[in-house]
Amino acid sequence: MKLNELRDNPGASKKRTRVARGPGSGKGKMGGRGIKGQKSRSGVSINGYEGGQMPLYQRLPKRGFNVPNPKKYAVVNLGILAKFIDAGKIDVKAPITEDVLVESGLVRRKLDGVRILAKGEFSAKVDLDVTGASKAAIEVVEKAGGSLKVKA
């Protein structure tokens, strides 16, 4: 095999259609837009327009509420926290704060605080001091003999 014999597999690449480049291209003259009308013009955007009929998105009722400035928490599952403790990246003797979690690399950044969730196995006796925690996570930590303080 020589360099000049290298070829792509058949069908691996497809030539792009050059629109409005003469009658031989198959998409010449009007470029596949038909004759006259709004859609034949450039700069026309009519997504959702239904010819004057009330559009679907306006016919349906509005539902729910979007919080304009929601709190974003860095989420930590107890199973991953246990792995970091087993690996020796987090010291169990000292209280575990949000700053300790960031330094260990478990949390990249605190955002509006750290929230502990109960996913995974956990058996270490630790003192956690974080912004938030689920009820199940608090139960698991206390069952293991530790304490979990949540900032108000």
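What pattern does the protein chain follow when read along the sequence? The protein chain follows the pattern α-β-α-β-α-β-β-β-α-β.

## Basis of the model

This is a predicted model, in which local features need pLDDT of at least 70 and side-chain atom pairs count only at pLDDT 80 or more, whereas totals for chains, interfaces and linings use all residues. Residues are numbered from 1 along each chain as its sequence is written, and side-chain values use heavy atoms, with hydrogens and water left out.

## Overall architecture

The protein chain has four helices and six strands. Helices (H or I, at least four residues) and strands (E, at least two) are DSSP runs, numbered from the N terminus. The C-alpha atoms fill a box of roughly 80 × 65 × 25 Å along the principal axes. The radius of gyration of the protein chain is 30 Å, while a compact globule of 152 residues would have a value near 15 Å. This radius is taken over C-alpha atoms, and the globule rule is 2.2 Å times the number of residues to the power 0.38.

Of the 152 residues, 24% count as buried. Buried means under 20% relative accessible area, exposed over 50%, and partly exposed in between (1.4 Å probe, protein chains only). Among contacts in the protein chain with a separation of 6 or more, 39% are accounted for by residues 24 or more positions apart; contact means heavy atoms within 4.5 Å.

## Surface and charge

The protein chain exposes about 12400 Å², of which carbon and sulfur atoms supply 50%. Accessible areas come from the Shrake-Rupley method with a 1.4 Å probe; for residues, only the protein chains shown count as cover.

The protein chain has 31 positive and 14 negative charges, and their mean positions are 21 Å apart. Lys and Arg count as positive and Asp and Glu as negative, without His and the chain ends. The place of a charge is taken as NZ of Lys, CZ of Arg, CG of Asp or CD of Glu.

Lys 29 has a positive phi of about 50° although it is not a glycine, and phi of Lys 36 is a positive value near 50°. Most residues other than glycine have a negative phi. Lys 29 is exposed, with a relative accessible area of 75%, and Lys 36 counts as exposed at 66% relative accessibility.

## Helix α2 and its cover

Helix α2 spans residues 78-86, and its buried residues include Leu 78, Gly 79, Leu 81, Ala 82, Phe 84 and Ile 85. The cover over the buried residues of α2 includes β1 (74-77), β2 (96-97), α3, β3 (114-117), β4 (127-130) and α4 (135-143). After α2 comes Gly 88, which has a positive phi near 85°.

Ser 104 is found in helix α3, residues 98-104. Ser 104 counts as buried because its relative accessibility is 16%. Apart from residues up to four places away in sequence, Ser 104 touches Phe 84, Lys 89 and Ile 90. A polar atom of the Ser 104 side chain lies 2.9 Å from the backbone oxygen of Leu 101.

Asp 99 also belongs to helix α3 and, at 43% relative accessibility, counts as partly exposed. The side chains of Asp 99 and Lys 110 are joined by a polar contact of 2.8 Å. A polar contact is a pair of N or O atoms within 3.5 Å; within protein, one must be able to donate a hydrogen and the other to accept it, and residues adjacent in sequence count only if both atoms are side-chain atoms.

Arg 108 is placed in the loop between α3 and β3 and counts as exposed at 71% relative accessibility. Arg 108 and Ala 74 are 34 residues apart in sequence, with a C-alpha to C-alpha distance of 8.2 Å. For Asp 99 and Ala 74, 25 residues apart along the chain, the C-alpha separation is 12 Å.

Asp 129 lies in strand β4 and counts as partly exposed at 23% relative accessibility. Leaving aside neighbours within four places in sequence, Asp 129 is in contact with Ile 96, Thr 97, Glu 98, Lys 149 and Lys 151.

Ser 134 has its place in the loop between β5 (132-133) and α4. With a relative accessible area of 15%, Ser 134 is buried. Beyond residues up to four places away in sequence, Ser 134 touches Arg 115, Ile 116, Leu 117 and Ala 118.
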